[in-house]
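I opened my notebook for a first look at this one. Here is what I looked up, entry by entry.

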Amino acid sequence: MPNIEQAYQFARDQYSEWGVDTESAIKQLVRIPISMHCWQGDDVSGFENPDGELTGGIAVTGNYPGKARTPDQLRADLDQAMALIPGAHRLNLHASYADTGGKRVERDELQPEHFQSWIDWAKQKEIGLDFNPTFFSHPKSADGFTLSHQDKGIREFWIEHGICCRRIAAAMGKALQNPCITNFWMPDGSKDTPIDRKGPRERLAASLNTIFAESIDPKLNKDAVECKLFGLGSESYVVGSHEFYLGYAVRNKKLLCLDAGHFHPTEVISDKISAVLQWVDEILLHVSRGVRWDSDHVVTFTDELQAIMQEIVRGGYLERVHIGLDFFDASINRIAAWVIGTRATSRALLHALLEPTAILRKFEAEGNLTARLALLEEIKNLPANAVWDYYCQNNDVPVGRAWLDEVQTYEQQILSKR
Ligand SMILES: C[C@H](O)[C@H](O)[C@@H](O)C(=O)CO
Ligand SMILES: [Mn+2]
């Protein structure tokens with residue numbers, strides 16, 4: 001399309017006047033993977049018990065037809081979504097998505113072989129995999145506690161699950177020659193005011209220490225821990241709070257996972273990135289969008305999304321921050337949800353890479369805060385969209401809203417027949 005080329009040439013010249021090299025921004029962007037979460041494709045159901053209840057204080061609303069019910073269906077949907085998103089990304093899998101051929105395998109008995117079909121798929125697509133033990137939607141987590149449970153037997157079951165998952169993740173990392181990030185999120189907490197806040201936290205720390213006792217080469221697997229402010233049914237107390245995991249990650253050299261929907265409504269993770277990276281080597285992000293009680297709306301091109309990406313790029317943190325997504329919406333086409341959220345995240349990264357940061361930094365250093373604010377407003381009018389369209393075209397994915405036509409065709413031909 002010649003007008004995309006023309007618009008890009010015009011944009012390239014405009015950015016060059018601000019000292020920004022659009023070609024270099026594009027080259028950087030294509031190398032930044034975004035870890036797409038498998039659970040947007042089936043409302044966090046997984047394949048262990050697809051019609052079972054989703055527990056753990058998370059909820060998916062909506063009943064859009066056509067959700068994936070088998071590993072093959074989920075992979076086909078991911079193939080379709082990934083074909084509409086520029087760049088090479090990753091897949092983030094939960095343990096409850098094991099491909100066991102219909103056989104019931106308990107979570108403390110999961111093995112790498114139960115994820116072989118995912119590994120083969122990722123190898124063929126030349127993408128990396130990330131992983132998560134699943135501590136919810138299971139009878140042994142029914143009262144809201146897992147690794148911090150007061151019952152030793154229940155704790156041991158979940159500890160064994162954590163140990164299995166790290167080995168599975170290491171097998172994925174080895175097979176794909178690409179380190180897997182394994183994120184530990186446990187729903188443990190209580191609806192009403194507990195008397196004992198200390199005991200569960202001591203037990204959670206001890207359980208994690210046992211899980212992480214086996215040393216695994218970081219070239220194969222890196223562990224992350226994820227905090228939360230509250231969940232449905234854990235409104236008064238969450239064992240794994242922010243302070244708990246920040247301390248745990250610092251002391252035990254783990255990655256800290258910051259989920260954008262897991263803090264007070266006026267608290268933003270964009271401000272936390274440079275703070276926690278003073279104390280931990282690497283972090284994982286769960287890019288999400290909190291709306292009132294829900295921490296997991298589909299990511300859109302918000303101010304906070306842009307601020308997160310600006311912080312990563314301005315701080316020179318691209319090697320230390322792993323970008324993952326975490327949202328689930330069953331009220332709209334699930335493939336469209338992936339595409340909207342991942343394209344928005346990638347576009348926000350591009351905007352950050354196109355920022356004339358050197359000029360802004362200079363004004364700030366000189367104390368010229370008037371110029372800093374004025375230029376922050378002016379650069380919002382630079383033609384980043386022309387660079388984005390050009391980037392999409394060069395990566396063989398639809399430009400602009402054309403991707404939606406492809407999702408609608410797939411819905412008619414595939415989803416509507418499920
Ligand atoms: C399904 C995920 O593990 C989950 O969303 C977790 O990361 C979370 O954010 C829970 O609120
Ligand atoms: Mn999360």
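Is Arg334 buried or exposed? I looked it up in this predicted model: Arg334 is buried, because its relative accessible area is 5%, and the cut-off for buried is under 20%.

**Entry: the partner of Arg334**

Next I asked which side chain Arg334 meets in a salt bridge. I found Asp43, with 2.7 Å from N to O. Asp43 counts as buried too, because its relative accessibility is 12%. I then checked where the two sit along the chain. Asp43 lies in the loop between β1 (34-37) and α3 (71-82), while Arg334 belongs to helix α10 (residues 334-353).

**Entry: a strand-to-strand pair**

I moved on to Arg90 and Asp130, whose side chains form a salt bridge at 2.9 Å, N to O. Arg90 is in strand β2 (residues 90-94) and Asp130 in strand β3 (residues 129-132), so I noted another link between distant parts of the chain, 40 residues apart. Both Arg90 and Asp130 are buried.

How many salt bridges does the whole structure have? My search came back with 20. One more that I looked at joins Lys272 to Glu267, with 2.6 Å between the closest N and O atoms. Lys272 is buried, because its relative accessibility is 11%. Glu267, at 29%, counts as partly exposed. I also noted a network: Glu48, Arg104, Glu106 and Arg107 are joined by salt bridges that share partners. A reminder to myself: side chains of opposite charge can pair when their charged atoms come close.

**Entry: the manganese ion**

Which residues hold the protein donors of the manganese ion (ligand 2)? I listed Glu226 (OE), Asp259 (OD), His286 (ND1) and Asp326 (OD), at 2.1 to 2.2 Å from the ion. Along the chain, the donors follow the spacing E-x32-D-x26-H-x39-D. Glu226 sits in strand β6 (residues 221-226) and Asp259 in strand β8 (residues 255-259), and this pair, 33 residues apart, links distant parts of the chain. I checked burial here as well: Glu226 is buried at 4% relative accessibility, and Asp259 is buried at 0%.

Last, I asked why the arrangement around the manganese ion (ligand 2) is octahedral. The 6 donor atoms subtend angles of 70 to 170°, which makes it so. For comparison, I jotted down that ideal angles for six octahedral donors are 90 or 180 degrees.

Technical notes: Residues are numbered from 1 along each chain as its sequence is written. Chains are lettered from A and ligands numbered from 1 in the order in which they are written. This is a predicted model: local features need pLDDT of at least 70, side-chain atom pairs count only at pLDDT 80 or more; totals for chains, interfaces and linings use all residues. Side-chain values use heavy atoms; hydrogens and water are left out. Donors are N, O and S atoms within 2.8 Å of the metal (3.2 Å for Na, K and Ca); water is not among the atoms, so sites may look incomplete. Four donors count as tetrahedral if all angles lie between 85 and 135 degrees; four count as square planar and six as octahedral if opposite donors are over 155 degrees apart and all others between 65 and 115; anything else is irregular. Helices (H or I, at least four residues) and strands (E, at least two) are DSSP runs, numbered from the N terminus. Buried means under 20% relative accessible area, exposed over 50%, partly exposed in between (1.4 Å probe, protein chains only). A salt bridge is a side-chain nitrogen of Lys or Arg within 4 Å of a carboxyl oxygen of Asp or Glu.
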